[in-house]
Amino acid sequence: MDEHEVRLERMSDDEVADWLPTAMALYEQARREAGDTPEQAAAGRRASEQRFFPDGRLVEGQLLHSIRLGDEVAGWLWLGPWDDRGELWWVWDLEVHPSFRRRGVARRAMLAGEEIAREHGASRLMLNVFGNNDGAIALYRDLGYEVASLHMAKPL
């Protein structure tokens, strides 16, 4: 196997349980950095956990993958349908560990994720990116994603 090949591997229930606290803490932190109050960020985290991990396990239909580069875990990609119809899918979370960044891992993981969504009947793939994440915004634009909604804020 090519040591530079990016593969997605579905996480086991045990891996999801280990992943969940770290991922949700990062999500909460990103919300604070994007302007949420600590209370708002915590509420957003709780809402996500209740919707997608009601018993600590990922709900049926959502797909959480380890991103692997060769034999190493380089991050994760979580995607899945918005609702039961399954045509509209979301990239809920993409994280590439710092030591693997700037090597094309996120791009290749996103392209693999798009193929997975297509195979599951998705006709559209959406994602949210916080406005202060310039690198991710550039990547998504380069991959053909366009602004579908835009929230703006001004500190007072």
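Counting salt bridges gives 12 in this structure, which is a predicted model. Side chains of opposite charge can pair when their charged atoms come close.

**Salt bridges**

- Arg32 and Glu28 form a salt bridge, and their closest N and O atoms are 3.7 Å apart.
- These two residues are 4 apart in helix H1, so about one helical turn separates them.
- Glu28 is buried, with a relative accessible area of 14%, whereas Arg32 counts as partly exposed at 36%.
- Asp36 pairs with Arg31 in another salt bridge, with 2.6 Å between the closest N and O atoms; Asp36 is partly exposed, at 22% relative accessible area.
- A salt bridge also links Glu95 to Arg101, where the closest N and O atoms are 2.8 Å apart. Arg101 has 41% relative accessibility, so it counts as partly exposed.
- Through shared partners, salt bridges join Glu28, Arg32, Arg45 and Glu49 into one network.

**Strands and hairpins**

- Strands S2 and S3 pair in the antiparallel sense over 7 bridges, and Leu69 stands opposite Glu72 in S3.
- The hairpin made by S2 and S3 has 2 residues between the strands, and Gly70 in the turn has a positive phi of about 65°.
- S3 also runs antiparallel to S4, joined to it by 7 bridges.
- Here Trp76 stands opposite Glu95 in S4; Glu95 is the partner of Arg101 in the salt bridge described above.
- In the hairpin of S3 and S4 there are 6 residues between the strands, and Gly86 takes a positive phi near 80°.
- S3 is mostly covered, with 8 of its 10 residues buried.

**Nonpolar cores**

- In soluble globular proteins, nonpolar side chains tend to be buried together.
- The largest nonpolar core here has 27 residues, and those touching the most other members are Ile67, Leu77, Leu94, Val105, Met110 and Tyr140.
- At least two residues of this core come from each of strand S1 (6-10), strand S2 (63-69), strand S3 (72-81), strand S4 (88-96), helix H3 (105-119), strand S5 (124-127) and helix H4.
- Helix H3 gives the largest share of this core, with 6 residues.
- Leaving aside residues up to four places away in sequence, Val105 touches Val6, Ile67, Leu69, Ala74, Val96 and Phe100.
- There is also a second, separate core of 12 residues, and Met11, Ala23, Met24 and Leu64 are among them.

**A buried histidine**

- His65 lies in strand S2 and is buried, with a relative accessible area of 4%.
- Not counting residues up to four places away in sequence, the contacts of His65 are Leu8, Glu9, Arg10, Met11, Gly75, Trp76, Leu77, Leu79 and Ile116.

**On the outside**

- Asp14 lies in helix H1 (residues 13-33) and is exposed, with 61% relative accessible area.
- Asp14 and Arg57 are 43 residues apart along the chain, while their C-alpha atoms are separated by 8.9 Å.
- Leu150 is found in the segment after helix H4 (134-142), and with 62% relative accessibility it counts as exposed.
- Together with Val147 and Met152, Leu150 forms a nonpolar patch on the surface, with about 390 Å² of accessible area for the three together.

Key:
Residues are numbered from 1 along each chain as its sequence is written. This is a predicted model: local features need pLDDT of at least 70, side-chain atom pairs count only at pLDDT 80 or more; totals for chains, interfaces and linings use all residues. Side-chain values use heavy atoms; hydrogens and water are left out. Patches are made of residues with over 30% relative accessible area and no salt bridge: like charges are joined within 9 Å, nonpolar side chains (Val, Leu, Ile, Met, Phe, Trp, Tyr) within 5 Å. Accessible areas come from the Shrake-Rupley method with a 1.4 Å probe; for residues, only the protein chains shown count as cover. A salt bridge is a side-chain nitrogen of Lys or Arg within 4 Å of a carboxyl oxygen of Asp or Glu. Buried means under 20% relative accessible area, exposed over 50%, partly exposed in between (1.4 Å probe, protein chains only). A nonpolar core is a set of buried Ala, Val, Leu, Ile, Met, Phe, Trp, Tyr and Cys residues joined through side-chain atoms within 4.5 Å. Contact means heavy atoms within 4.5 Å. Two strands pair if DSSP finds at least two bridges between them.
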